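Open the model in your viewer and keep the selection tool ready. The tour goes from one selection to the next and says what is there.

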Amino acid sequence: MRAEPDRLPTDLETDNPLWHFALAFWNVPGVESACLALQQKGWSVTRILSACWLTISGQKYPDREDNTVTERRIHVTEPLRSARQYIPRNHPGTNSLRGDIARTELEAERIELALVYQSLAETQKENAGMYGSEQLARTNLEAAAPETAMDSETRHTVDALSRSLMTFSAGNRES
């Protein structure tokens, strides 16, 4: 079933706690490179960031993603990323276009995260009290993965991202 383009909620809150977390966590050393390395392996950065945010919130990543989020990623965010990646870097004739698309791609990701935030707010959250923080991070990231099998390089990247999340979380509790 394909979502209709005009089905975007009118009360969509793009300035939300998930977006703020994503901006802060993205700036932690190593997080951007880990997320982009996973993206090259077919992962969705918005799913990764959502899984990490849920970990910080003590929540388990849902078994299913909301269809509106998935449709938005497939029909908006991924095509923008593909277009940007197709345009050469540092080419004087295309720098402006590539930059415009990159900014539009970021806004598409912001809208995607707003849809995730709204979806999670509307559904009952499963408290993950039976997990320790590190285990919850790994469990949530595995649930956000595009497939269950992970090669050793992917596992290493996921573990590094989990450690970064634990460090980030500890730093925020002390602030």
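Select Phe-168 to begin: this residue is buried, because its relative accessible area is 13% and buried means under 20%, with exposed over 50% and partly exposed in between (1.4 Å probe, protein chains only). The model is predicted, so local features need pLDDT of at least 70 and side-chain atom pairs pLDDT 80 or more, while totals for chains, interfaces and linings use all residues. Residues are numbered from 1 along each chain as its sequence is written, and side-chain values use heavy atoms, leaving out hydrogens and water.

**Aromatic rings**

Rings of Phe, Tyr and Trp (its six-membered ring) pair if their centres lie within 6.5 Å; planes under 30 degrees apart count as stacked, over 60 as edge-to-face and the rest as tilted. The structure holds four aromatic pairs. One of them, Phe-21 with Phe-25, is stacked, at 5.2 Å centre to centre and 20° between the planes.

Both Phe-21 and Phe-25 sit in helix H1 (residues 17-26), four residues apart, or about one turn of the helix. Helices are DSSP runs (H or I, at least four residues), numbered from the N terminus, and strands are runs of E of at least two. Phe-21 counts as buried at 7% relative accessibility. Phe-21 also pairs edge-to-face with Phe-168, at 5.6 Å centre to centre and 75° between the planes. This pair links distant parts of the chain, since Phe-21 is in helix H1 and Phe-168 in helix H7 (residues 152-174), 147 residues apart.

**Salt bridges**

Next, select Arg-84 and Glu-105, whose side chains meet in a salt bridge (2.4 Å, N to O). A salt bridge is a side-chain nitrogen of Lys or Arg within 4 Å of a carboxyl oxygen of Asp or Glu. Arg-84 lies in helix H4 and Glu-105 in helix H5, so the pair ties together parts that are 21 residues apart in sequence. Glu-105 is buried, with a relative accessible area of 5%.

Now select Glu-153 and Lys-41, another salt bridge, in which the closest N and O atoms are 3.9 Å apart. Glu-153 is in helix H7 and Lys-41 in the loop between helix H2 (31-39) and helix H3 (45-56), 112 residues apart. Are these two residues buried or exposed? Glu-153 counts as exposed at 52% relative accessibility, and Lys-41 as partly exposed at 34%.
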